[in-house]
There are 2 protein chains.
Amino acid sequence: MIPNFIHTYVSVDCVVFGFDNENRLNILLVQRHFEDIPNEQHRKLPGSLIMNNEGVDDAAQRVLTELTGIKKMVLKQFKCFADPGRASEKDVKWMDKEYNHHIDRIITVAYLSLCKIDRKINSSKYETVDWFPVDKVPDLPFDHNQIIQESLIEIRKWIESDFTIIFELLPKKFTIRQLYQLYSAISEKYIDIKNFHKKISSFNYIIQLDEIETNVSHRAARYYSFDQKIYKKNNTKLIK
Amino acid sequence: MIPNFIHTYVSVDCVVFGFDNENRLNILLVQRHFEDIPNEQHRKLPGSLIMNNEGVDDAAQRVLTELTGIKKMVLKQFKCFADPGRASEKDVKWMDKEYNHHIDRIITVAYLSLCKIDRKINSSKYETVDWFPVDKVPDLPFDHNQIIQESLIEIRKWIESDFTIIFELLPKKFTIRQLYQLYSAISEKYIDIKNFHKKISSFNYIIQLDEIETNVSHRAARYYSFDQKIYKKNNTKLIK
């Protein structure tokens, strides 16, 4: 070991976003176990150390699959977090048990991912996986709260640069109101719903379906779907 | 050491951009030494392993200072590169000598930085530091060529999201033509020079100076400067 240089494990942590019926952005959190305090609730971002023969994107894809049961998820690396103090004493103690090895400093690479919230989560690794609205995320270990804060800025940038990733968060058939509410929840740019409607109707990759909402108290709205093939062919100018 | 998980050193590598008199984007490369083949020319990106008590941004700032002698440089983290095969046999051999320790896999965090090309480079660490036009960068070790390719996409995004960082690359007094040529060299969006002139003249943070070019064969152009204070006060809408 070379003195003075950090020699350690490297992890990935994933912030998975979902969009719920109440028009809130949600995040998937898992449970962290402490053997000596079994009843204490500890939430954290899903993550893992990186394996020997694994690239960092592969490690993130593995974590996402172990978390959700979904084979290939959209993902985007956004930042490496490496503050020397990011693991508290409690976090170090937890790593001692979890990895059966003493790790006092750990560097992590953070990823964004997107998941339709109505999709069944089928984790092969975690007993407990739950959606939390972003404004109701509890105190998390390490710098996971900071990672989530920074991921919110990143998801905005991502949607500004590629509007179509928004459809990863919507059900297969959606109303324009749902699309508008999701766009408004994420984007910092205000757009009124009339102008939004006008813009959307100029996009030939948003397909009007022969189906309207049922069992709703308000006037039933029409459903739409996103056609990736048409989008890819035309690459229409995105909302700016 | 826990089996199967990568346990290693982590480095930072910096892509420093400069803009030359021939309107080309340049990058700073340093020399890599092999004791057994002293005359072979080996260029690489400036970089370093991260120290024990150092954050990753601090490590990048240290590398930049050791490279240029400049105390505080603009920097932006853009991606972690961790392909298991990114160090070739030759690279591993070089690390053996350089760090007096066997490292067979190394993860790096890549940074962008910007430097006025007329600024004197005064390295405390490297004997040889040279500017290379981005289209004349030789074959580099590790995945440094790939890092440079991806950094070009990043610098475009950076300038699109914050136009004012372009002034980090220009001399203190510059002509509108210089600004236009730099913008054209970096941005993917075409704008003709007349429209560019019009836009620029609407920005009150670009100050017209009482000075024109001397010793030029074409019609002498007026000099301008960038006023950060006015910019910060008004935060005028950027070029889009």
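Predicted model: local features only at pLDDT ≥ 70, side-chain atom pairs only at ≥ 80, totals over all residues.
Colleague: Why is H4(A) called roughly perpendicular to H5(A)?

Modeller: Helix H4 (residues 176-186) and helix H5 (residues 193-201) of chain A pack at an angle of about 115 degrees, and their axes are 11 Å apart. Angles of 65 to 115 degrees count as roughly perpendicular, so H4(A) is described as roughly perpendicular to H5(A). The crossing of these two helices is right-handed.

Colleague: What makes the contact between H4(A) and H5(A)?

Modeller: H4(A) contributes Ile176(A), Arg177(A), Leu179(A), Tyr180(A) and Tyr183(A), while H5(A) contributes Ile193(A), Phe196(A), His197(A) and Ile200(A). By class, seven of these residues are nonpolar, one is polar and one is charged. Arg counts as charged, so Arg177(A) is the charged residue of this contact.

Colleague: Why is H4(B) called roughly perpendicular to H5(B)?

Modeller: In chain B, helix H4 (residues 176-186) and helix H5 (residues 193-201) pack at about 115 degrees, with axes 11 Å apart. The range for roughly perpendicular is 65 to 115 degrees, and therefore H4(B) is termed roughly perpendicular to H5(B). H4(B) passes H5(B) in a right-handed crossing.

Colleague: Which residues of H4(B) and H5(B) meet?

Modeller: Ile176(B), Arg177(B), Leu179(B), Tyr180(B) and Tyr183(B) of H4(B) meet Ile193(B), Phe196(B), His197(B) and Ile200(B) of H5(B). Seven nonpolar, one polar and one charged residues form this contact.

Colleague: How many salt bridges are found across the interface of chain B and chain A?

Modeller: Zero salt bridges are found there; the rule requires a side-chain nitrogen of Lys or Arg within 4 Å of a carboxyl oxygen of Asp or Glu. The contact takes 29 residues from chain B and 29 residues from chain A. Together the two chains bury about 2900 Å², with 59% of it on carbon and sulfur atoms.

How values were computed:
Residues numbered from 1 in each chain as written. Chains lettered and ligands numbered in written order. Heavy atoms only, no water. Axes fitted to C-alpha atoms, helices over the stretch in contact; angles between N-to-C directions. Helix = DSSP H or I, 4+ residues; strand = E, 2+ residues; numbered from the N terminus. Parallel < 35°, antiparallel > 145°, perpendicular 65-115°, else oblique. Left-handed = near helix turned anticlockwise from the far one by under 90°. Contact = heavy atoms within 4.5 Å. Buried area = accessible area lost by both parts, 1.4 Å probe.
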